[in-house]
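Please keep the sequence and the model in view while reading.

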Amino acid sequence: MRGFADAFCKPWCLAGGALLMATAVHGKGTEMFVCTAADGVRTYQNSDSGQGCVPLNLNPITVVPAPKSASKTGVGNGGGSSARKTASLDARTSADFNAKDDRMKILQEELRLEEGKLKSLQDEYKGGQPDRLGNEKNYQKYLDRTARLEKDIKTTNENIDILKAELIRLSD
């Protein structure tokens with residue numbers, strides 16, 4: 001039954017989540033929360049459901065219209081046109097810096113969480129010799145969990161590398 005629910009819900013739940021995010025950003029209540037479960041899964045919600053939820057700072061989107069071309073305004077390529085271009089670039093730059101800072105903070109938080117997850121996985125993995133659990137009387141279950149831990153550690157390392165590369169790209 002669970003497989004049917006997952007297969008049915010996935011496309012609709014994803015679309016509903018996107019609609020919820022769009023409504024929350026454009027609607028009256030723009031407060032969003034990012035909630036992290038005990039297993040490290042993150043969800044984004046428009047209400048604080050308790051443990052592991054922190055408010056997500058969503059700055060309003062700044063839209064700067066494109067400058068009118070010189071042929072439409074009747075202005076030549078004189079100094080006035082370049083002064084307007086410089087002023088519009090300065091306005092966009094300060095908004096871009098704020099957005100860039102917000103992205104950097106989010107990426108740094110993601111990196112911190114991934115590094116914490118990696119440490120806990122490595123502690124459980126114990127260099128390839130994790131402790132056997134009570135429900136692992138069958139040796140294959142132990143081998144399966146060890147393989148899953150290896151895969152999770154590899155994936156988390158890749159995520160950390162991607163986040164670090166993105167942080168370096170944004171800092172340039």
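How many bridges join S1 to S3? Four bridges join these two strands, which run antiparallel; two strands are said to pair if DSSP finds at least two bridges between them. The model is predicted, so that local features need pLDDT of at least 70 and side-chain atom pairs count only at pLDDT 80 or more, whereas totals for chains, interfaces and linings use all residues. Residues are numbered from 1 along each chain as its sequence is written, and side-chain values use heavy atoms, with hydrogens and water left out.

S1 and S3 belong to an open sheet of three strands, ordered S2-S1-S3 and paired in antiparallel fashion. Strand S2 (42–45) and S3 are the edge strands, each pairing on one side only. From one strand to the next, the twist averages 30°, an angle between N-to-C directions on a scale from 0 to 180 degrees, with axes as lines fitted to C-alpha atoms, for helices over the stretch in contact. Methionine 32 stands opposite leucine 56 in S3. In general, strands of a sheet pair through backbone hydrogen bonds, either parallel or antiparallel.

A covalent link also deserves attention. The whole structure contains one disulfide, a term that denotes a pair of cysteine sulfur atoms within 2.5 Å. Cysteine 35 and cysteine 53 form this bond, with their sulfur atoms 2.0 Å apart. The pair links distant parts of the chain, 18 residues apart: cysteine 35 lies in strand S1 (residues 32–36) and cysteine 53 in strand S3 (residues 53–56). The link is right-handed, with 110° about the S-S bond. Cysteine 35 counts as buried because its relative accessibility is 6%, and cysteine 53 likewise counts as buried at 13%; buried means under 20% relative accessible area, exposed over 50%, and partly exposed in between (1.4 Å probe, protein chains only).

Glutamate 110 is found in helix H3 (residues 79–125). With a relative accessible area of 18%, glutamate 110 is buried. Leaving aside residues up to four places away in sequence, glutamate 110 touches Arg42, Tyr44 and Leu163, where contact means heavy atoms within 4.5 Å.

The protein as a whole has four helices and three strands, defined as DSSP runs numbered from the N terminus (helices H or I, at least four residues; strands E, at least two). Along the sequence, the pattern is α-β-β-β-α-α-α. Of the 172 residues, 17% count as buried.
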